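Student: Could you walk me through this structure, one feature at a time? I would like to learn how to read each kind of feature.

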Amino acid sequence: MALTACMSGPYKKTNKTYKKQAKQYAKVISQLPKIDSLGVAQTNFWAGTTNFSLRKPNIVVIHHTAQKSCEQTLKTFTLERTKVSAHYVICEDGVIHQMLNDYMRAWHGGVGRWGTINDVNSSSIGIELDNDGFEPFSEKQMQSLLNLLTHLKKKYDIPTANFIGHADIAPTRKNDPNVNFDWNLLSKNGFGVWYGDTLNLSIPNDFNPYLGLKSIGYHLKDTSAVVVAFKRKYTKTEGSRILTDADKKILYSLVRENMKN
Ligand SMILES: [Zn+2]
């Protein structure tokens with residue numbers, strides 16, 4: 001895996017700012033709170049334990065950058081006014097740039113929800129793939145992604161089902177990664193759930209597809225948008241809001257596969 005340190009060159013200045021900000025957060029968490037989360041004065045009651053560590057990420061969210069180049073994305077993510085970032089940016093040539101420590105909260109998900117999690121940034125790692133939003137993803141880029149995911153899954157014990165896309169958590173606002181992204185390849189390598197054989201599958205009469213989508217993790221605020229996201233990901237169709245009988249079979253199979261994880 002090619003991890004670029006970026007300790008010199010064009011990002012020297014923002015690397016310095018990164019260190020300064022990380023130090024400020026270290027200072028915040030090393031303080032004994034004067035009041036607890038209920039607002040009760042803790043000066044005399046705080047009893048610091050000796051047994052703790054850093055919280056670990058539990059979800060990985062994959063994006064496309066919708067920008068023209070890796071350089072443009074790195075620039076966007078190092079400008080304070082944009083308020084966007086990701087832990088990793090993977091260029092088309094497979095080079096991986098890490099932009100902040102895995103234990104820190106990147107600003108990649110925005111408003112979104114997956115299952116019962118409504119602050120996805122707090123528990124996730126964000127990975128951006130350099131892509132203009134329409135083109136296919138290069139082989140080198142996918143290989144680097146798989147290498148990175150292998151490392152993250154092992155290091156943080158991330159559940160197989162928790163490798164998802166931005167469009168999964170924010171279907172009304174986002175469509176990334178685009179329709180060319182190979183989710184089947186990812187699932188074959190242990191990242192995300194794919195459906196099984198649907199040829200000989202019969203769906204129970206009482207199967208409710210919307211509850212099926214919800215059980216996978218989708219938030220049903222806008223069911224049409226969820227169907228579009230589902231179909232882009234699992235049937236490689238873009239823009240359709242109709243769940244066909246074949247789609248329902250895929251969904252039912254996914255619900256069953258999801259239960260195994
Ligand atoms: Zn995104």
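**Reading the model together**

Tutor: Let's begin in a loop: Asp157 sits between helix H4 (139–156) and strand S6 (163–165). Helices (H or I, at least four residues) and strands (E, at least two) are DSSP runs, numbered from the N terminus. This is a predicted model, in which local features need pLDDT of at least 70 and side-chain atom pairs count only at pLDDT 80 or more, while totals for chains, interfaces and linings use all residues. Residues are numbered from 1 along each chain as its sequence is written, and side-chain values use heavy atoms, with hydrogens and water left out.

Student: Is Asp157 buried or exposed?

Tutor: Buried means under 20% relative accessible area, exposed over 50%, and partly exposed in between (1.4 Å probe, protein chains only). Asp157 is exposed because its relative accessibility is 62%. Lys83, at 52%, is exposed as well.

Student: Which peptide bond is cis?

Tutor: The bond from Asp176 to Pro177 is cis, with omega near -5°. Pro177 belongs to the loop between H5 and helix H6 (183–188).

Student: Which atoms coordinate the zinc ion?

Tutor: Donors are N, O and S atoms within 2.8 Å of the metal (3.2 Å for Na, K and Ca); water is not among the atoms, so sites may look incomplete. Here the zinc ion is coordinated by ND1 of His63, ND1 of His166 and OD of Asp176, at 2.0 to 2.1 Å. Along the chain, the donors follow the spacing H-x102-H-x9-D. His63 in strand S2 (residues 59–64) and His166 in helix H5 (residues 166–169) are 103 residues apart, so this pair links distant parts of the chain. His63 is buried, at 1% relative accessible area, and His166 is buried too, at 4%.

Student: How many salt bridges are there?

Tutor: A salt bridge is a side-chain nitrogen of Lys or Arg within 4 Å of a carboxyl oxygen of Asp or Glu. The count comes to 5. One of them joins Asp168 and Lys233, at 2.6 Å from N to O. Asp168 lies in helix H5 and Lys233 in helix H8 (residues 223–235), so the bridge ties together parts that are 65 residues apart in sequence. Asp168 is buried at 3%, as is Lys233 at 8%.

Student: Which residue does Asp247 pair with?

Tutor: Its partner is Lys231, with the closest N and O atoms 2.7 Å apart. Asp247 is in helix H9 (residues 245–259) and Lys231 in helix H8, so parts 16 residues apart in sequence are tied together. Both residues of this pair are buried.
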